[in-house]
Amino acid sequence: MHKDSMLYPQRNQKRSDTILDGLWKFSFDPASCGEKEGWPNGLPSFVKMPVPASFQEMFTDIQSREYCGDYWYETDFYLDEKKENTDTVIRFGSVTHRCKVFLNGKLVGQHEGGFLPFNVDINDAAKYDDENKLVLLVNNELSEEMLPCGATEVKPDGRKVAHGYFDFFNYSGIHRSVHLLTLPAERIDNYAVSFTLEENRAVVHCTVETESNAQVVIALKQDGKAAAQEQGKECDLIVENPHLWDTKDPYLYEIELQLVKDNEVLDLYRDKIGIRTIAVKGTKILLNNKPVYLKGYGKHEDASMFGRGFNYAIAARDFACMKWNGANCFRTSHYPYDEKWYQMADEQGFLIIDEVPAVGMMRSMHNYVAAGSGGKYTGFFESETVPRLKKRHLEAVKDMIRRDQNHPSVIAWSLFNEPETTSTYAHAYFKDVFDYAKKIDQQVRPCTGAFEKNSKPELCQCYMLVDFMCFNRYYGWYISGGDLKEAEEKFRDELSRWRAKNLNIPFVFTEFGCDTLGDVHELPGRMWSQEYQREYYEMYFKVFRDYPEIQGELVWNFADFMTGQAIMRVGGNRKGVFTRDRQPKDAAYILKQHWESIE
Ligand code: GCB
């Protein structure tokens, strides 16, 4: 069984990779009758649906756009003749939120969790040198025992409605590419690298997971030339005068892993790695033992038309915009993104705080309001659903770390966003989550989580678990909105209370921002106007200067993004520094000036 492999697909001498993206067949199944009625053999009626994309963006009627429940996808593909000693696997980048996979009418796999990849072995169900029918039963209901958390209401007419305890639209569908893979039966399943920097050399500790007893051969190449080579599932490669990876010079080595038996190469996997260390020491975040200040954004995978479906042009534009205004970091709020974001960040020298989809762990339909203004204690971590939720949380942590652990861009794991942290139940829950992440990450990267306003210094039970604090704060928006003077006073007061705890760890602001309409100008600046957004950020930057323990500022949000319908959301969340079509609001220029002035 190789089902845990998180390696990104590739095509090489030993592995083949065919992408099955395109227009698939699609059908809703509100009565959940498809399985009984034989839909795994083919959908009786359908519309055509692009893959990858969120289905919601393709419909012009509100019932379809807001649909919650079961729905189906189908495609056909031709499979070559089977090669000896190979396995045939289908790899799904993400299917939101849960699915069953059928091949030629047979159930071949199932998966829960809409933001991480999974593999399905199709050896037994596949028809080789023939056409094959791939059918997926997907479901996008929300509950408190899954990530992200929410609830599903059944209306009197039987319609299901998803209520996320989070502030982004419950976009659903096949959001990332589907790969048809032929892999050697004896193969490499995963690998991990970590680094020790010594004078004029680096030690690359490499661990390879495989069920094969063939010899593992690992080679590092620098600019195409051999830099180091070793053998064994666990070994140290010594690189003399290493070319380190950092934000200004994101140098990548090539790593080549091989399985060799009797002089025959059974499997081969090539990747790019960056040699760098990341650590927290006192109030500093250290990249290669030098302090680094985080500048950038909380983001979403979100765009009109594609919804949450990955699109290269959007990702490329986002990187261009972030680079233009001097950013060096982003948080993958509130879930792990498509792997291509991390590959691009590795190449362009961006730092990533990688977030597990643990959002909405507070019973509130409008989490952002509770987060702003003294939300009530909801006893979230005392519920009987918590053990099931925790199991999924740990699974997501495991999959995220195994998937992303070798990206030099990934500098920290964010293990939650704004849970209800004020109870001992929350502490016990997250203690296990943090211990687990530390245990399985070979690099033992810093772990953190984003705290909302009710996680006050006097009440919070979880701040002692993190390596650096991440604060989401909305002084001047949800608190003292429209009165930046009062907002500043309250903000300084809270910061001073945190400072008084002498935590001696870095503070990073992972959210601060205000909704701003790209076409509204007002003098003097008032809420929702471009002028207000500029003044809002200027106030924050002034305060940050007085607290040297603050080592990062990630603005909320990079761009306007879609949310559920709500009285406080005008065509979605408008806190973007860029509009949803990625054009700068006025504040983008303030950020550019400010970030370019910080080394
Ligand atoms: C938050 C949440 C984020 C929301 C944001 C807002 O605290 O973490 O998901 O979008 O506030 O704009 O209200």
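1. Let's start with leucine 286, which stands opposite proline 291 in strand 24. The model is a predicted one, and here it pairs strand 23 (residues 284–287) with strand 24 in the antiparallel sense, over two bridges. These two strands belong to an open sheet of three strands, with the order 22-23-24 and antiparallel pairing. Strand 22 (278–281) and strand 24 (290–291) are the edges: each has a single partner strand, so one side of each is left without a neighbour in the sheet.

2. The ligand is surrounded by 14 residues, and the closest are Asp167, His334, Glu418, Tyr478 and Lys575. Taken alone, the ligand exposes 320 Å², of which the protein buries 97%.

3. Most peptide bonds are trans. Serine 333 and histidine 334, however, are joined by a cis peptide bond, with omega about -10°. Histidine 334 sits in the loop between strand 26 and helix 3. A cis peptide bond also joins leucine 523 and proline 524, where omega is about 0°; proline 524 is in the loop between strand 31 and helix 8.

4. Now for the aromatic side chains. How many aromatic pairs does a search of the whole structure find? The count is 64. In one of them, phenylalanine 115 and tyrosine 335 have ring centres 4.5 Å apart and planes at 20°, so the pair is stacked. Phenylalanine 115 is in the loop between strand 8 (106–112) and strand 9 (118–121), while tyrosine 335 is in the loop between strand 26 (329–331) and helix 3 (339–348), so the pair ties together parts that are 220 residues apart in sequence. Both residues are buried: phenylalanine 115 has a relative accessible area of 3%, and tyrosine 335 has 0%.

5. Another stacked pair is formed by phenylalanine 512 and tyrosine 540, at 4.9 Å centre to centre with 20° between the planes. Phenylalanine 512 lies in the loop between strand 31 (507–511) and helix 8 (530–545), and tyrosine 540 lies in helix 8, with 28 residues separating the two. Phenylalanine 512 is buried at 0% relative accessible area, and tyrosine 540 also counts as buried, at 0%.

6. Is lysine 299 buried or exposed? With a relative accessibility of 0%, lysine 299 counts as buried, because the cut-off for that class is under 20%. Lysine 299 lies in the loop between strand 25 (294–298) and helix 2 (312–324). The side chain of lysine 299 makes a polar contact of 2.7 Å with the side chain of aspartate 318.

7. Five of its six residues are buried, so strand 7 is largely enclosed by the rest of the structure. On one hand, six bridges join strand 7 to strand 8, and the two run antiparallel; on the other, six bridges join strand 7 to strand 10 (residues 130–139), again antiparallel. Leucine 103 takes part in both pairings, with lysine 106 as its bridge partner in strand 8 and leucine 134 opposite it in strand 10. Strands 7 and 8 form a hairpin with two residues between them, and asparagine 104 in the turn has a positive phi of about 50°.

8. A further hairpin is made by strands 11 and 12, with five residues between them; glycine 158 in that turn has a positive phi of about 90°. Strand 11 (residues 150–154) and strand 12 (residues 160–164) pair antiparallel over five bridges. Within this pairing, glutamate 153 has valine 161 of strand 12 as its bridge partner.

9. Finally, two backbone details to check. Most residues other than glycine have a negative phi. Asparagine 200 has a positive phi, near 60°, and is found in the loop between strand 15 (188–198) and strand 16 (201–210). Asparagine 504 likewise has a positive phi, about 55°, in the loop between helix 7 (484–499) and strand 31. At 54% relative accessibility, asparagine 504 counts as exposed.

Note on methods: Residues are numbered from 1 along each chain as its sequence is written. This is a predicted model: local features need pLDDT of at least 70, side-chain atom pairs count only at pLDDT 80 or more; totals for chains, interfaces and linings use all residues. Side-chain values use heavy atoms; hydrogens and water are left out. Two strands pair if DSSP finds at least two bridges between them. Helices (H or I, at least four residues) and strands (E, at least two) are DSSP runs, numbered from the N terminus. A residue is near a molecule or strand if one of its heavy atoms lies within 4 Å of it. Accessible areas come from the Shrake-Rupley method with a 1.4 Å probe; for residues, only the protein chains shown count as cover. Rings of Phe, Tyr and Trp (its six-membered ring) pair if their centres lie within 6.5 Å; planes under 30 degrees apart count as stacked, over 60 as edge-to-face and the rest as tilted. Buried means under 20% relative accessible area, exposed over 50%, partly exposed in between (1.4 Å probe, protein chains only). A polar contact is a pair of N or O atoms within 3.5 Å; within protein, one must be able to donate a hydrogen and the other to accept it, and residues adjacent in sequence count only if both atoms are side-chain atoms.
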